[in-house]
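Q: I have a model open and want a quick tour. Can we go through it piece by piece?

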Amino acid sequence: MLDAAIWSMIGEGALQTIYMTLVSTLIAYIIGVPVGILLVISAKDGIKPNRVLNRVLDVVVNVLRSVPFLVLLVLVMPLTRIITGTSIGTTAAIVPLTLGAAPFVARLIESSIKEVDAGVIEAAQSMGASPMQIVRKVMLPEAKPSLIVGVAIALTTILGYSTLAGFVGGGGLGDIAVRYGLHRYETDIMIVTVVLLVVIVQIMQYVGDKIAQKTDKRK
């Protein structure tokens, strides 16, 4: 049976996991949204084609997405130390989590905006709307349901990344699962952490889907 101290540790680990996930997602979106928009508008068939910019962004995003997150955790340790003063702990884990998630978010944004009906964009262009106006008043509002679903997907993906941070002392439920479930063979603690992670993922996905449904004007 798990005692009060273990439950307290698991509760703290759950809060750390949620903290890492939410903060990393927020920063990843601050970086990824502009990149995703630029990928769309600078494409050959975009509203402001720019072959060089599009190619550079495409390569950078693809390269960062192709690096396994566990490898990225180790590679960016020097940068993590510079930014946070340490390479271990919950706050330190936010750096690699953000770097790993930002290119993923950029692709989510790009995919969502590409779903917008081209006729709507052409109509805005024919009315003399500037590229910025088209992005702000046409692309983003029309893509809102898909963008919200993308946030839910990003949250659950980054939550999965956060569990890997446990292998380098990143804290959270992943760290507890590694220390107790893997190293000490305490299966009961491992099961509880896994169940909690599943519950958190389901809640995030459910909330995201519900919000997306309510904002979808097509239904």
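Q: What share of the 219 residues in the protein chain is buried?
A: Buried residues make up 44% of the chain. Keep in mind that this is a predicted model.

Q: How many helices and how many strands?
A: Ten helices and zero strands. Read along the sequence, the pattern is α-α-α-α-α-α-α-α-α-α.

Q: What does the C-alpha trace span along its principal axes?
A: About 70 × 40 × 25 Å.

Q: And what part of the contacts with a separation of 6 or more comes from residues 24 or more positions apart?
A: That part is 72%.

Q: On to the core. Which residues in the largest nonpolar core touch the most other members?
A: Ile47, Ile109, Ile121, Ile134 and Met139. The core has 33 residues.

Q: Which helices each supply at least two residues of this core?
A: α1 (4–41), α3 (69–75), α5, α6 (118–126), α7 (131–142) and α8 (144–164). The largest share comes from α5, with ten residues.

Q: What is isoleucine 47 in contact with, leaving aside neighbours within four places?
A: Isoleucine 47 is in contact with Ile41, Ile121, Gln125, Pro131, Ile134, Val135 and Met139.

Q: What about a second core?
A: There is a separate one of 15 residues. Its members include Ile10, Leu173, Tyr180 and Met204.

Q: Switching to helix packing. At what angle do α8 and α10 pack?
A: About 170°, with the axes 7 Å apart. Helix α10 covers residues 187–215. The angle is over 145 degrees, so α8 and α10 are roughly antiparallel.

Q: Which residues in α8 meet α10?
A: On the α8 side they are Lys144, Pro145, Ile148, Val149, Ala152, Ile153, Leu155, Thr156, Leu159 and Thr163. On the α10 side they are Leu197, Ile200, Val201, Met204, Gln205, Gly208, Asp209, Ile211, Ala212 and Thr215.

Q: How does that contact of α8 with α10 split by class?
A: It has 13 nonpolar, five polar and two charged residues.

Q: Now α1 and α7. How do their axes cross?
A: At roughly 95°, and they come within 13 Å. That makes α1 roughly perpendicular to α7.

Q: Which residues meet there, α1 to α7?
A: Ile37, Val40 and Ile41 in α1 meet Val135, Met139 and Leu140 in α7. By class, the contact has six nonpolar residues, no polar and no charged.

Q: Rings next. How many aromatic pairs does the count come to?
A: One aromatic pair. Phenylalanine 69 and tyrosine 161 form it. The pair is stacked, at 4.8 Å centre to centre with 10° between the planes.

Q: Where do phenylalanine 69 and tyrosine 161 lie?
A: Phenylalanine 69 is in helix α3 and tyrosine 161 is in helix α8, so the pair ties together parts 92 residues apart in sequence.

Q: Is phenylalanine 69 buried or exposed?
A: Phenylalanine 69 is buried, with a relative accessible area of 8%. Tyrosine 161 counts as partly exposed, at 22% relative accessibility.

Q: A few single residues, then. Where is threonine 90?
A: In helix α5, residues 90–114. Threonine 90 counts as buried because its relative accessibility is 13%, with the cut-off for buried set at under 20%.

Q: What does threonine 90 touch, not counting residues up to four places away?
A: Gln16, Tyr19, Met20, Gly170 and Gly171.

Q: And which helix holds threonine 80?
A: Helix α4, residues 77–84. Threonine 80 is buried, with a relative accessible area of 3%. Leaving out residues up to four places away, threonine 80 touches Gly85, Thr86, Ser87, Ala92, Val95 and Pro96.

Q: Last one: where is valine 192 found?
A: In helix α10. Valine 192 is buried, with a relative accessible area of 17%. Leaving aside neighbours within four places in sequence, valine 192 is in contact with Leu2, Trp7 and Ile10.

Q: What separates valine 192 and isoleucine 47?
A: Their C-alpha atoms are separated by 50 Å, and the two are 145 residues apart along the chain.

Technical notes
Residues are numbered from 1 along each chain as its sequence is written. This is a predicted model: local features need pLDDT of at least 70, side-chain atom pairs count only at pLDDT 80 or more; totals for chains, interfaces and linings use all residues. Side-chain values use heavy atoms; hydrogens and water are left out. Helices (H or I, at least four residues) and strands (E, at least two) are DSSP runs, numbered from the N terminus. Buried means under 20% relative accessible area, exposed over 50%, partly exposed in between (1.4 Å probe, protein chains only). Contact means heavy atoms within 4.5 Å. A nonpolar core is a set of buried Ala, Val, Leu, Ile, Met, Phe, Trp, Tyr and Cys residues joined through side-chain atoms within 4.5 Å. Axes are lines fitted to C-alpha atoms, for helices over the stretch in contact, and angles run from 0 to 180 degrees between N-to-C directions. Angles under 35 degrees count as roughly parallel, over 145 as roughly antiparallel, 65 to 115 as roughly perpendicular and the rest as oblique. Ala, Val, Leu, Ile, Met, Phe, Trp, Tyr, Cys and Pro count as nonpolar, Asp, Glu, Lys and Arg as charged, and the others, Gly among them, as polar. Rings of Phe, Tyr and Trp (its six-membered ring) pair if their centres lie within 6.5 Å; planes under 30 degrees apart count as stacked, over 60 as edge-to-face and the rest as tilted.
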